[in-house]
Amino acid sequence: MVTGFQGRGFRVRDDVFPGGLLLSPVRAMAWSDAPAVDALTQAALGDLLEFDPAPEFLLLGTGAALRQPPRAMVRALEERGIGVEAMDSRAAARAWGVLRAEERWIVAALLPL
């Protein structure tokens, strides 16, 4: 659960992630090499999508404002059966908490604010 924001980063419990953040149902990891939104690829997400079963969708926080991710990346994820929901990173962090409280099997990639 994202418990707050600090600078351009995120707080998860007592840990501070000053840059980007990758979230799964089992871990939170710093996303220190997060690219710009228009340069996002599946590879930039590391092993975030490698779960069995696959996540329902990727909750993508695009920074301080909503920006659309590259269409090619969205299509590639959709071909794997993984949807993509993009929104600004603050909204994505709040949505993460709500959706995980519903026990949804999702992942999130939050770009710095």
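Here is a short chat about the strands and nonpolar cores of this predicted model.

Student: What makes strand 4 and strand 5 count as paired?

Tutor: Pairing takes at least two bridges. Four bridges join strand 4 (residues 20-23) to strand 5 (residues 28-31), so the two are paired, and they run antiparallel. Leu 21, for one, stands opposite Ala 30 in strand 5.

Student: How many residues lie between strand 4 and strand 5 in their hairpin?

Tutor: Four residues.

Student: How do you know that strand 4 pairs with strand 8?

Tutor: Use the cut-off of at least two bridges again. Strand 4 and strand 8 have three bridges, so they pair, in the antiparallel sense. Here Leu 21 stands opposite Leu 110 in strand 8.

Student: Why are both faces of strand 4 called covered?

Tutor: Well, side chains in a regular strand alternate between the two faces of the sheet. In strand 4, Gly 20 and Leu 22 are on one side, with Leu 21 and Leu 23 on the other. Buried means under 20% relative accessible area, and these four residues are all buried, so both faces are covered.

Student: What makes Leu 48 a contact of Leu 22 and Leu 58?

Tutor: The cut-off is heavy atoms within 4.5 Å. Leu 48 touches Leu 22 and Leu 58, among others, so they have heavy atoms within that distance. Leu 48 is also among the residues with the most contacts inside the largest nonpolar core, which has 18 residues.

Student: Which element gives the largest share of that core?

Tutor: Helix 1, with three residues. There's also a second, separate core of 17 residues, including Phe 57 and Leu 110.

Definitions and conventions: Residues are numbered from 1 along each chain as its sequence is written. This is a predicted model: local features need pLDDT of at least 70, side-chain atom pairs count only at pLDDT 80 or more; totals for chains, interfaces and linings use all residues. Side-chain values use heavy atoms; hydrogens and water are left out. A nonpolar core is a set of buried Ala, Val, Leu, Ile, Met, Phe, Trp, Tyr and Cys residues joined through side-chain atoms within 4.5 Å. Buried means under 20% relative accessible area, exposed over 50%, partly exposed in between (1.4 Å probe, protein chains only). Lists of a residue's contacts leave out its neighbours within four places in sequence.
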